[in-house]
Amino acid sequence: MTQQPDSIRVGVLGARGRMGLEVCKAVDAAGDMELVAMIDQGDELFKASDAGAQVFVDFTTPDVVMDNLHWAIDQGINMVVGTTGFTGERLDQVRGWLDANPGVGVLIAPNFGLGAVLMMQFATRAARYFESVEVIEQHHPRKLDAPSGTSTHTAKLIAQARAEAGLGPMPDATKEEVDGARGADIDGVRVHSVRASGLVAHQEVLFGSLGETLTIRHDSLDRVSFMPGVLLGVRKILERPGLTVGLDSFLD
Ligand SMILES: NC(=O)C1=CN([C@@H]2O[C@H](COP(=O)(O)OP(=O)(O)OC[C@H]3O[C@@H](n4cnc5c(N)ncnc54)[C@H](O)[C@@H]3O)[C@@H](O)[C@H]2O)C=CC1
Ligand SMILES: O=C(O)C1=N[C@H](C(=O)O)C[C@H](O)C1
């Protein structure tokens, strides 16, 4: 790709992974970006800052992403993060690092698929109208974590919407005969994780009330589905200092 003088210089962390490879291709193909560093396990992070990266895109693993964030923020490098594993405590830690480096922007998005963002918004909207709701996420079997970041985020959004609407616990007379049979409990919302070959990333949110159900489903059939969201994040983060969680506010 021909370099533009004002192109955004991007470094990719986790560059040899499933998502990292796709991000490298997407950045390389974008007319307004320049891929200046591809970093994976064993490579030195400073090579990316030496190469003048303005934005790091991180698709690594939950056990290394915090070190990457801390290092990049201290170097004044903006971050677009898709890696999962962000608890409230972790987000507070990132906010603390950003307070000490106020010009830096970090976007942490549990899902960069535009359809997935809408699925979460629709589910949040529906949450107040149904007495029952459960989340079923389905992924490829090489995924390291469960429940998925997307399902955890969705469950938290639903729980918050239910609480704001004054809804109590869901009806459920079932006694769990085997641990895990009813899935994980995230803020009172059950989340079920399926892992099977052939799958990429899929999620259903199943709502139920007297005499009716509503199912909201999203399917990522290919990792290219995440790329428009990642590129949008790279473009917008340069003008959004501080911490942004989720892609929603970048779409408006
Ligand atoms: N937010 C979103 O839209 C999406 C998020 N994800 C998440 O992204 C993460 C990565 O997913 P995949 O690409 O499928 O995993 P993967 O296992 O294919 O790739 C992870 C890569 O990170 C590398 N890595 C490990 N430690 C490193 C370090 N210290 N520095 C640099 N690289 C390092 C690994 O060697 C590997 O190449 C997961 O947490 C996954 O859940 C995945 C898809 C979409
Ligand atoms: O590991 C994956 O593949 C994915 N991870 C993210 C998650 O945990 O929600 C996003 C998407 O579901 C794909």
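These are my notebook entries on a predicted model of one chain with its two ligands.

**Ground rules.** I number residues from 1 along each chain as its sequence is written, and chains are lettered from A and ligands numbered from 1 in the order in which they are written. Since I'm working with a predicted model, local features need pLDDT of at least 70, side-chain atom pairs count only at pLDDT 80 or more, and totals for chains, interfaces and linings use all residues, while side-chain values use heavy atoms, with hydrogens and water left out.

**Entry 1, the overall fold.** I looked up the chain and found eight helices and 11 strands. (Helices are DSSP runs of H or I with at least four residues, strands are runs of E with at least two, and both are numbered from the N terminus.) The radius of gyration is 19 Å, close to the 18 Å that the globule rule gives for 252 residues, so the chain is as compact as a globular protein of that length. (The radius is taken over C-alpha atoms, and the rule is 2.2 Å times the number of residues to the power 0.38.) I also noted that the C-alpha trace spans about 60 × 40 × 35 Å along its principal axes.

I got 20 residues around ligand 1, with Arg-18, Met-19, Asp-40, Thr-84 and Phe-112 coming nearest. (A residue is near if one of its heavy atoms lies within 4 Å.) By class, that shell has eight nonpolar, eight polar and four charged residues. (Ala, Val, Leu, Ile, Met, Phe, Trp, Tyr, Cys and Pro count as nonpolar, Asp, Glu, Lys and Arg as charged, and the others, Gly among them, as polar.)

Next I went through polar contacts, meaning pairs of N or O atoms within 3.5 Å. A backbone N or O atom of Ala-109 sits 3.0 Å from a nitrogen atom of ligand 1, and a polar backbone atom of Gln-41 is 3.3 Å from a nitrogen atom of the ligand. The side chain of Lys-143 puts an N or O atom 2.9 Å from an oxygen atom of ligand 1. On its own ligand 1 exposes 860 Å², and the protein buries 82% of that. (Accessible areas come from the Shrake-Rupley method with a 1.4 Å probe.)

**Entry 3, ligand 2.** Which residues lie around ligand 2? I listed Thr-84, Pro-110, Asn-111, His-139, His-140, Lys-143, Ser-148, Gly-149, Thr-150, Ala-201 and Phe-226. Three of these are nonpolar, seven polar and one charged.

I found a cis peptide bond between Ala-146 and Pro-147, with omega about -5°. Pro-147 is in the loop between β6 (132-139) and α6 (149-164). Asp-187 has a positive phi of about 50° although it is not a glycine, and I placed this residue in the loop between β7 (184-186) and β8 (189-195).

Conventions. Polar contact = N/O pair within 3.5 Å; in protein donor to acceptor, adjacent residues only side chain to side chain.
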